[in-house]
Amino acid sequence: MGCDIHGHVETRSRNGSWYHSMDFDGPREYEMFAALANVRNNGSIKAFELKGLPDDISYKTKEDYELWRYDAHSHSWVTPDELETAIKEARKPLGSYINEDYDALLAYMRAFETEEVRFVFWFDN
């Protein structure tokens, strides 16, 4: 059985609330899953500690999460710098190819340079 990632880019407004900016149901890249959340990790990839879902997620992100609630696992979120680190870590194994969609996600997040931005995600299988 396969494992998939479900995620959302969120930005913080001036009033402190988080707003949904983009859905990201990324390609199935187990090295990336391992680096982001220790999912499907064979022990060769350094992984981030899981942070859980933020208490203040946007309405749209929460709505999507509710659809997956019972099948969702390994909930977390990362900043653009953390995502960049995860991409580099996922590419370390010899011959490891990581889909360019993750680079595009990082570029999208970096475009919000004057705002706080995060990638909130979970997995299903």
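Modeller: A polar contact is a pair of N or O atoms within 3.5 Å; within protein, one must be able to donate a hydrogen and the other to accept it, and residues adjacent in sequence count only if both atoms are side-chain atoms. The model discussed here is predicted: local features need pLDDT of at least 70 and side-chain atom pairs count only at pLDDT 80 or more, whereas totals for chains, interfaces and linings use all residues. Residues are numbered from 1 along each chain as its sequence is written, and side-chain values use heavy atoms, with hydrogens and water left out.

Biologist: What makes the link between the side chains of Arg118 and Asp56 a polar contact?

Modeller: The distance is 3.2 Å, and the limit is 3.5 Å, so the pair qualifies. The side chain of Arg118 has a polar contact with the side chain of Glu10 as well, at 2.8 Å.

Biologist: Why does Arg118 count as buried?

Modeller: Buried means under 20% relative accessible area, exposed over 50%, and partly exposed in between (1.4 Å probe, protein chains only). Arg118 has 4% relative accessibility and therefore counts as buried. Arg118 belongs to strand β4; helices (H or I, at least four residues) and strands (E, at least two) are DSSP runs, numbered from the N terminus.

Biologist: Which residues is Arg118 in contact with, leaving aside its neighbours within four places in sequence?

Modeller: Contact means heavy atoms within 4.5 Å. On that basis, the partners of Arg118 beyond four places in sequence include His8, Val9, Glu10, Trp18, Pro54, Asp56 and Ile57.

Biologist: How do you know that Arg118 lies over the face of Trp18?

Modeller: A charge sits over a ring if NZ of Lys or CZ of Arg is within 6 Å of the ring centre and within 35 degrees of the ring normal. Arg118 is placed over the face of Trp18, 3.7 Å from the ring centre. Lys51 likewise lies over the face of Trp77, at 3.7 Å from the ring centre.

Biologist: Why is the pair of Tyr30 and Phe33 called edge-to-face?

Modeller: Rings of Phe, Tyr and Trp (its six-membered ring) pair if their centres lie within 6.5 Å; planes under 30 degrees apart count as stacked, over 60 as edge-to-face and the rest as tilted. The structure holds eight such pairs. In one of them, Phe24 and Tyr102 are 5.3 Å apart, centre to centre, with 70° between the planes, which is edge-to-face. This pair joins distant parts of the chain, as Phe24 is in strand β2 and Tyr102 in helix α4, 78 residues apart. Both Phe24 and Tyr102 are buried. For Tyr30 and Phe33, the centres are 5.6 Å apart and the planes stand at 70°, so this pair is edge-to-face. Tyr30 and Phe33 are three residues apart in helix α1, about one helical turn.

Biologist: What makes Tyr30 partly exposed, and why does Phe33 count as buried?

Modeller: Tyr30 has 27% relative accessibility and so counts as partly exposed, whereas Phe33 has 0% and counts as buried. Ring pairs link Tyr30 and Phe33 into a cluster with Phe24, Tyr102, Phe119, Phe121 and Phe123.

Biologist: Why is Ser74 called buried, and what is its phi?

Modeller: The relative accessible area of Ser74 is 18%, so Ser74 is buried. Ser74 lies in strand β3 and has a positive phi of about 55°, although it is not a glycine. Most residues other than glycine have a negative phi. The side chain of Ser74 also makes a polar contact of 2.9 Å with that of His73.

Biologist: Which residues have the most contacts inside the largest nonpolar core?

Modeller: A nonpolar core is a set of buried Ala, Val, Leu, Ile, Met, Phe, Trp, Tyr and Cys residues joined through side-chain atoms within 4.5 Å. The largest one has 27 residues, and Met32, Leu36, Leu83 and Phe119 have the most contacts inside it. Helix α1 gives the largest share, six residues. Leu83 touches Met32, Leu36 and Tyr102, among others, and is one of the buried residues of helix α3. The buried residues of α3 pack against α1, β3, α4 and β4.

Biologist: How do you know that the protein is as compact as a globular protein of its length?

Modeller: The protein has four helices and four strands, in the order β-β-α-α-β-α-α-β. Its radius of gyration is 14 Å, close to the 14 Å that the globule rule gives for 125 residues, so the protein is as compact as a globular protein of that length. The radius is taken over C-alpha atoms, and the rule is 2.2 Å times the number of residues to the power 0.38.
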